[in-house]
Amino acid sequence: MKIESRREQFDAPSLVERILSKLHIDIPLLISLLLISCLSFVVLYSAGSQDIELLVKQAIRVGLAFLLMAVLAHINPYQFKRYSALLFGIGIALLIAVLVMGHIGKGAQRWLDLGFFRFQPSEMIKITTPMMIAWYLADHALPLKTHQLLVSGVLILIPTLLIAKQPDLGTAILVASSGGAVLFFAGLSWRLIMAIFVSLSALTPVVWHYFLHDYQRARIITLLDPEADPLGKGYHIIQSKIAIGSGGIYGKGWLGSKQSELEFLPESSTDFIFAVFAEEFGLFGCLGLLVLYLLVIGRCLYIASQAQDTFSRLLAGSLAFTFFVYVFVNIGMVIGVLPVVGVPLPMISYGGTSVVTLLAGFGILMSIHTHKKFIPD
Amino acid sequence: MPRTLNFKDNPVESQLFLGRIISAFVIIVLLTVCLIVRLAYLQVVGHQHYATLAKENSIKIEPTVPSRGMIYDKRGNILAENAQTYSLELVPDQVSDLDNTLARLKQLLDIPDEKIEQFQRLRKRQKRFTSIPLIANLTDEELAKFAVARPYFHGVDAHVRQLRHYPYGDLAAHVVGYVGRINEEELKELPISEYRGSTYIGKLGVESSYETELHGKTGYSEIETNVQGRPLKTLKEVAPIAGSNLHLTLDIDLQKTAYDALEKYNGAVVAIEIETGGVLTFVSRPGFDPNPFVIGISGPAYQALQSSPDQPLYNRALRGLYPPGSTIKPFMALAGLEYNTVGVRQQLLCPGYYQLPNDSHRYRDWRKGGHGAVNVSEAVTQSCDVYFYRLAGMLGIDRIHAFLQQFGFGEKTGIDLMGEKSGLLPSREWKLSKKNQVWFPGETVITGIGQGYHQVTPLQLAKATATLANNGKIVTPHLVDKVVSDAVTKPSENNPKTTLPLKSANINTIIAAMVNVVHSNRGTARSIGLDINYQIAGKTGTAQVINIKQNASYNEHAIDFKQRDHALFISFAPADNPKIAVAVIAENGGHGGSVAAPIAAKVIKQYLSDKQTALP
């Protein structure tokens, strides 16, 4: 008896592994996500003026988000597929509700107040849109046909336009790319992809000259050339470039960020946190962070490649790709190559909503990977 | 196409999918490389440049805050101005021992504890390197004391700041409102570039509803600074555009007359210029001094205002809800004539009470023996309750609701102030949806004399009176006459006026009856019409605060002051060519005729005599 219990202790790692697989948790993904989260707390401590209270708040949110991930990982992917259309429908209805309420309340509104927390329908739609498209395409052989492409296009456009009207350009871009990614993985032909890009760029001058008012054009110009608005968003770009550049190769060290502290940079712990990170940890730090992100994305793409049915594949592929779009749009904006749209740095920026959605997505990915006995159709 | 089979071709599909996964990964890696190239460009190639910008000669963008627009009354009296004051401020980042510094400052300038607490609260909300005020308005003596001791206080300095000042204090606080420090929630909603550097924002009154116009446009300058942050030279300057000045329709002298006339009573006086809809007086008594709110009112002082039984922070004119009482009778009478429910000469009998068929409840008249047989004019003049109980029953609640709604009851007047209440004009639908009950006939009866569910704001009463005086042409009240900036003068937009489809003969009957209220010997407000050479049309009202039991009598002296009836009066003058409409509510005033009517009379007399002397 005694010996056996000792053996169990020696076998602890495999026991943990067994427990985790019972829990439907994917270890590589979990470890890289935890690493990024730890990094997030390190940067937030510095960017948030060393405010412990702020860290505790964020820790609670992240903890709850990881819990949600574990719960979702438990659910059989078949269930996600089954409720895709329903969840998408609810999401659209809530988006319209928010828009109407905002209209009545005479101001932009993105959330519904549920008393204990504020729920943003646009966050839910980030996941339900690719689910919907994947569900729609899953029952027919790939690659997708023209009529499927048209229907999918409309399905993507509805939530995208509703969110763009809020107006939340950043989220609209993420939703559109999550749906677009499904189409890409469903085998949208390269020729069509090129054609879409070409026709979009050909249409731009037409729209510019004939469909926009002067004030709308002016708004787009400041979006593309933020330096023209030095007191507003341009100020962020100027300051964040100085912060990143002054960080150099090795950085100024943890808590060494002077720019974020001395200058008035109100979004230094949310959308512009990458500037603080780059200033303190330099080019090497940035490379490290990008590698961590690539590890997560690589693992997700691997999960997608191992998935056994069309729905799971398309959804997993889209979730992985959208995560990258998140990273790319945020960093691109902070280093001044993309226009300023409100997208946080995934898993790092302060705030609860984006973390919850992201980890919900990873929960679905883990569910897809750990429910292998599931037989398609 | 190779794909003609109906079943799913799994190997082909897998291969296609795998191909896409690999392509996606390649695209992701390529885009990541792009990010890295840009990062390397900033951090390796550009490092020297940016490090120089960051460390040695950095370019700071300093916002230049525009000066806030002034607020004037009708005659050009200043209602809100910007006073130059010295503000004692600390930069926590530059103070080595904050507690010690505060203690020494406290000793030097005799600073009360609450100011220090307020400073500590502000400090927690701000970044460490911002300048945080400790005393917003230093006296000359304090300034001199500090100037001598300044070398011993590193990180503490006296800055010239503009401080909003309201010379008339509590007289116009509910109209002009006040500015206060921008709080965190407001900061989230504000356009960040417009408010960079701004400390104050309008919180109440026209200061709040005309915030955009008053604030102006923030300018900025690009300043090159050295290591210590000392400015070396200004590279570029974009001047701010000062906020626009507001010219109100309010007459502050008339406001004072109305405010003082209320004397011991809490209440409201709203006077409207009938031709324009411009609000001449907008009194809510008691008022409060808005000046402490600008620099941040102390906790105990705010508590005292909040918990005062007189509720000085409560804008009675805009948000106070009162039963209209008998002031509703002219409108009810007009409804009776317009719907042909009663004729002009038709008399109804008033035996002193009214009973619904099959109901023992007696709806009593204020005069015990009744008024006998009265026609519509006499009913208005003598304020006969029974006549209007009957009339209401004959009209029915649906027509009463439809008719009164036209005069703006139950709806916001649309005045240019935030937070207006819409009152309550009851209807069958309202009762069913809000109370889940059907409408009872008895409720129609008491609606006839302005009791029951019907609730109005003083502003609504004034608007309805002005509309009646204006022959049914709707008057929309507004406070701002013009918005004046350096560039343009913009008169505040006048809403298109609609005219109610009313017969002028009917209106004239009602106006004549209202003139008799003031000028006939049976009128309920005959004391106010003695010393004038024009006629005032008016109607008294009394709104019950408590219910009197059946068969019990109301004895004013036997009950607590706070439970006495509210006194109301609506009026306009001159009756043949109306210029001004006034609504008065004196809380717990008892009688409309003896308490509220004289207040309205003072406002009307002053306004019309001013107008006469102003004319050549």
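pLDDT is the predictor's confidence in each residue, from 0 to 100. The views below are taken from a predicted model.

**Figure 1. Chain A in outline.** Chain A holds 15 helices and two strands. Its average pLDDT is 83, and 80% of the residues score at least 70. Over residues 1-11 of chain A the pLDDT falls below 50, and this stretch has one contact in the model beyond near neighbours in sequence. Of the 377 residues of chain A, 46% count as buried. Among its contacts between residues at least 6 apart in sequence, 73% join residues at least 24 apart.

**Figure 2. The side of chain A that touches chain B.** Contacts across the two chains involve 42 residues of chain A and 37 residues of chain B. On the chain A side, two or more residues come from each of α8 (169-185), α11 (233-247), α12 (259-262), α13 (273-306) and α14 (310-334) of chain A. The most come from α13(A), which gives 10 residues. By type, the residues on this side of chain A are 26 nonpolar, 12 polar and four charged.

**Figure 3. Strand β11 of chain B and its two partners.** Strand β11 (residues 267-273) of chain B is largely enclosed by the rest of the structure, because seven of its seven residues are buried. Both faces are covered: B:G267, B:V269, B:A271 and B:E273 are buried on one side, and B:A268, B:V270 and B:I272 on the other. Six bridges link β11(B) to the antiparallel strand β12 (residues 279-285) of chain B, with B:A268 opposite B:S284. Five residues separate the strands in the hairpin of β11(B) and β12(B), where B:G277 takes a positive phi near 85°. Seven bridges link β11(B) to strand β21 (residues 580-586) of chain B, also in antiparallel fashion. In that pairing B:I272 stands opposite B:A581.

**Figure 4. The largest nonpolar core.** This core has 128 residues, of which B:V269, B:V270, B:A271, B:V582, B:V584 and B:A596 touch the most other members. Helix α22 (residues 592-614) of chain B is the greatest contributor to this core, with nine residues. Apart from neighbours within four places in sequence, B:V584 contacts B:V269, B:L568, B:F569, B:A596, B:I599 and B:A600. A second, separate core of 107 residues includes A:V276, A:L289, A:Y293 and A:V356. In soluble globular proteins, nonpolar side chains tend to be buried together.

**Figure 5. Helix α21 of chain B.** The 16 residues of helix α21 (residues 504-519) of chain B should span 22 Å at 1.5 Å a residue, and the end C-alpha atoms are 22 Å apart, which agrees. Buried residues of α21(B) are B:I507, B:I510, B:I511, B:A513, B:M514, B:V515, B:N516, B:V517, B:V518 and B:H519. The elements covering them include α14 (329-338), α15 (376-382) and β19 (537-543) of chain B.

**Figure 6. The surroundings of B:Y210.** B:Y210 lies in the loop between α8 (205-209) and α9 (211-215) of chain B. This tyrosine counts as buried because B:Y210 has 23 C-beta neighbours inside 10 Å, where the cut-off is 20 or more. Setting aside neighbours within four places in sequence, B:Y210 is in contact with B:L246 and B:V480. B:Y210 and B:S244 are separated by 34 residues in sequence and by 9.5 Å in space, C-alpha to C-alpha.

How values were computed
Residues are numbered from 1 along each chain as its sequence is written. Chains are lettered from A and ligands numbered from 1 in the order in which they are written. Helices (H or I, at least four residues) and strands (E, at least two) are DSSP runs, numbered from the N terminus. The expected span of a helix is 1.5 Å times one less than its number of residues. A residue is buried if 20 or more other C-beta atoms lie within 10 Å of its own, exposed if 12 or fewer, and partly exposed in between; C-beta atoms are placed from the backbone. Two residues are in contact if their C-beta atoms, placed from the backbone, lie within 7 Å. A nonpolar core is a set of buried Ala, Val, Leu, Ile, Met, Phe, Trp, Tyr and Cys residues joined through C-beta atoms within 7 Å. Ala, Val, Leu, Ile, Met, Phe, Trp, Tyr, Cys and Pro count as nonpolar, Asp, Glu, Lys and Arg as charged, and the others, Gly among them, as polar. Two strands pair if DSSP finds at least two bridges between them.
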